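Here are some notes for someone opening this structure for the first time.

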Amino acid sequence: MRKDKSSIPSRLICALVASVVTAMAMPASAQTIPSLTRPQLVIGITVEGLDDDHLRLLNHLFTNDGFRRLMREGVTFENVDYGPQVDATAATAILFTGAAPTVNGITSGTVYNPITRQQRSSFFNTKENRLSPSSILVSTLADEVRLDGGGTGFVYSLSANPEEALIMAGHAGNSAYWIDDVSGRWTTTQYYNDTPQPITGRNFSNPLTARIDTMEWKPMLPPSQYPDVSVSRKNRPFDHRFLHTDPNLYKAFKSSPRGNQEITEVAEEYLTQMTLGKRGVMDMLNLSYSVAPYAYAKDDDTRFEMFDSYLRLDRDLERLFKLADNQVGRENLVIFLVGTPAPSSGRRPEERWQIPQGQFSGRKASSLLNMYLMALHGNGEWVSGQHARNFYLNHDLIKERQLDLSDVRAEAAEFLTRMSGVSTVYTVDDIIASRAGDDPAAMKRNVSVTTSGDVIVEINPGWELIDDDMDGFTLSPTRHAANISSAYIFAPGVSPEKIKVPTDARVIAPTVARLLRIRSPNAASLPPHRL
C-alpha cells in the first residue's frame with residue numbers, strides 16, 4: 001500500500017515541537033543563551049605576561065577555583081591578537097575601548113616630547129599638570145557601565161601602575177588607585193573625587209612602608225614540584241626580600257607576587273566594605289596583575305620565579321572569586337580575565353655560547369644620524385631626540401631649509417639601516433601608507449602619528465637597546481614574537497567553550513558589553529563574539 005506523502009509534514013511538525021519542549025526542559029546551565037538577569041558585579045582583570053602554555057604546564061598545581069575555574073567554566077579565547085608594537089598599557093587600552101591605538105590614542109605607557117625633549121607618561125595632561133584619562137580619546141567599558149546606570153553604579157580600578165589603573169577606570173569611573181614608586185602608598189590623581197575607605201585604611205592604618213621590610217618571596221611549593229626548572233636552580237631556590245636600602249624597593253615589590261597579593265587584599269576590602277554588587281545596580285571592579293619575568297632576579301633564568309608567580313596569583317584569584325560568589329552569587333557575576341604582553345625579558349647569554357648579540361645605543365645613533373644629515377643639508381640640529389626605537393627629526397629646521405619632510409625621513413631611514421644591530425627601519429610615511437611590517441594594516445592601526453617618531457627602527461633579535469633618554473636604561477635582549485595571549489570570560493548562562501582561531505583583541509570589549517547588556521564603547525567597530 002502506498003504511503004500518504006501528506007503525512008510527512010505532520011511528522012516534521014511533531015518532531016520540531018518535541019525538540020522545542022526538550023530544549024525548554026533543559027537546565028539553564030546547559031543552554032547557551034545569556035542570562036536574562038543583568039549581572040550585579042563585573043570583575044575585569046588584566047594579567048601582564050599571561051601565557052596559555054604556562055597555564056597548561058602548571059594546571060596540575062592550581063587550585064580548583066582560580067585559573068581552573070575560568071578554564072573549566074568560562075569561554076576561553078586561546079589566541080587574542082593585539083598586533084605588533086604594543087606594550088601592556090596599549091594592550092589594556094585596546095581591551096577596554098575595543099579600538100586600536102591610532103583611534104583610542106594610547107600607543108604605549110610612555111611617550112616622548114621632541115619639543116621639551118622629555119619622556120613622560122602617556123596620561124600626563126600638560127595643561128592640568130597631572131595624570132588623567134583625558135589621553136584616552138574614546139569611551140571605555142568602565143564609562144559605559146557608569147553611563148548605563150546613570151552614575152549609580154560604582155566603577156573602581158586597582159593596579160601597581162598608574163597607566164593601567166587610569167585606563168580601567170576610564171573617564172567616568174569613581175576612582176583609580178596605584179602603588180607609588182617612591183612612597184609605596186596607594187595614590188591617585190585629583191581628576192577623580194572618590195577616596196574609598198579601604199584606601200584610607202591602608203595608607204594610614206596599615207601602610208606598606210611599615211610592612212615591607214618583613215616581607216620575603218620564596219617558592220610557595222617544594223622546589224621539586226616546579227616543572228621545567230633546572231636542577232641547579234632547584235638546588236638553590238630564590239629568596240627575594242624587600243629592604244629599604246634598595247633604591248628600587250617598591251618597583252621590585254610591584255613586579256613580584258607580593259604586589260599582586262597587595263592588590264588582591266585591597267580588592268577584597270572594596271568588595272566587603274563597599275558592598276559592591278549588593279546595591280541593586282551594576283558595579284565594576286577592575287584589577288591589573290603581572291606574571292611577567294621578574295626583572296630584579298639575580299639569575300639569568302627567571303622561570304622559577306615566574307612559575308611561582310602563576311601559582312601565587314592562582315591562589316589570589318581563588319580567594320577573590322570565592323568572596324565574589326558569596327557576596328553576589330554566581331548568577332549575578334561576570335568575570336573577564338585577559339593577558340597582556342610582557343616586556344622582553346632575560347639577560348644576554350654568556351659570550352661562551354657564541355650567540356650573536358650586541359648593544360644599540362640610541363644616543364650614539366642619534367649623534368651619527370645628525371652628522372649625516374649635516375653633511376647632506378648643512379649645519380644644524382637635525383635630530384630632536386630619540387626614545388625607545390623612535391627617532392624624531394627637527395621639523396622646524398626642515399621647514400626653514402625648505403626641504404621635504406618625507407625625503408628627509410627617507411634619508412634618515414637609509415642611514416640607520418646601515419647601522420650594526422638594526423634589522424629594519426620604517427618611516428612614519430611607510431606606516432601610514434601600509435607599506436611597513438609583516439602585517440601592514442595592523443602596524444598602521446597600532447601607531448599614532450601624533451606620538452610616533454619620524455623613523456622607527458627594529459633591533460636584531462638578541463641585541464640590547466640602550467635608551468639613553470631613559471637615564472641609560474637598558475632594555476632586555478630583543479625577541480621578535482607576536483603579541484598573542486589568552487582571554488577567559490565567565491558569565492551566567494554562557495556555556496564553556498574553547499575558541500582556538502585567532503581573535504582580534506578589539507572584539508573583547510563589545511563581547512563583554514553584550515553580556516552586560518550595555519552599549520559597546522563608542523569606538524568599538526568590530527561586532528561582538530556571540531557566546
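Predicted model: local features only at pLDDT ≥ 70, side-chain atom pairs only at ≥ 80, totals over all residues.

1. Helix α13 (residues 362-377) and helix α15 (residues 405-417) have axes that come within 10 Å and cross at roughly 125°. Axes here are lines fitted to C-alpha atoms, for helices over the stretch in contact, and angles run from 0 to 180 degrees between N-to-C directions. Helices (H or I, at least four residues) and strands (E, at least two) are DSSP runs, numbered from the N terminus. α13 and α15 are therefore oblique to each other; angles under 35 degrees count as roughly parallel, over 145 as roughly antiparallel, 65 to 115 as roughly perpendicular and the rest as oblique.

2. Residues are numbered from 1 along each chain as its sequence is written, and side-chain values use heavy atoms, with hydrogens and water left out.

3. Which residues join α13 to α15? From α13 come A365, L368, L369, Y372, L373, L376 and H377, which meet V408, E411, A412, F415 and L416 of α15 (contact means heavy atoms within 4.5 Å). By class, this contact has ten nonpolar residues, one polar and one charged. Ala, Val, Leu, Ile, Met, Phe, Trp, Tyr, Cys and Pro count as nonpolar, Asp, Glu, Lys and Arg as charged, and the others, Gly among them, as polar.

4. Helix α11 (residues 257-273) and helix α12 (residues 303-328) also have axes within 10 Å, crossing at roughly 5°. The two are therefore roughly parallel. Residues in their contact include P257, R258 and L271 of α11 and R312, D316 and Q327 of α12. The classes here are six nonpolar, six polar and six charged.

5. α11 also packs against helix α8 (residues 197-205), at an angle of about 135° and with the axes 9 Å apart. That makes α8 oblique to α11. The crossing is right-handed. Q197, P198, I199 and R202 of α8 meet E262, E265, V266, E269, Y270 and Q273 of α11. Four of these residues are nonpolar, two polar and four charged.

6. The second largest pocket holds about 390 Å³ of space. Its lining has 21 residues, with P114, I115, Y392, L393 and H395 the closest to the centre. β3 gives the most to this lining, with three residues.

Key: 1 Å grid on protein atoms, 1.4 Å probe; cavity = no way out; pocket = protein on both sides within 12 Å on 5 of 7 lines; lining within 4 Å. Points joined across faces, edges and corners; volume = space filled by probe spheres on them. Left-handed = near helix turned anticlockwise from the far one by under 90°.
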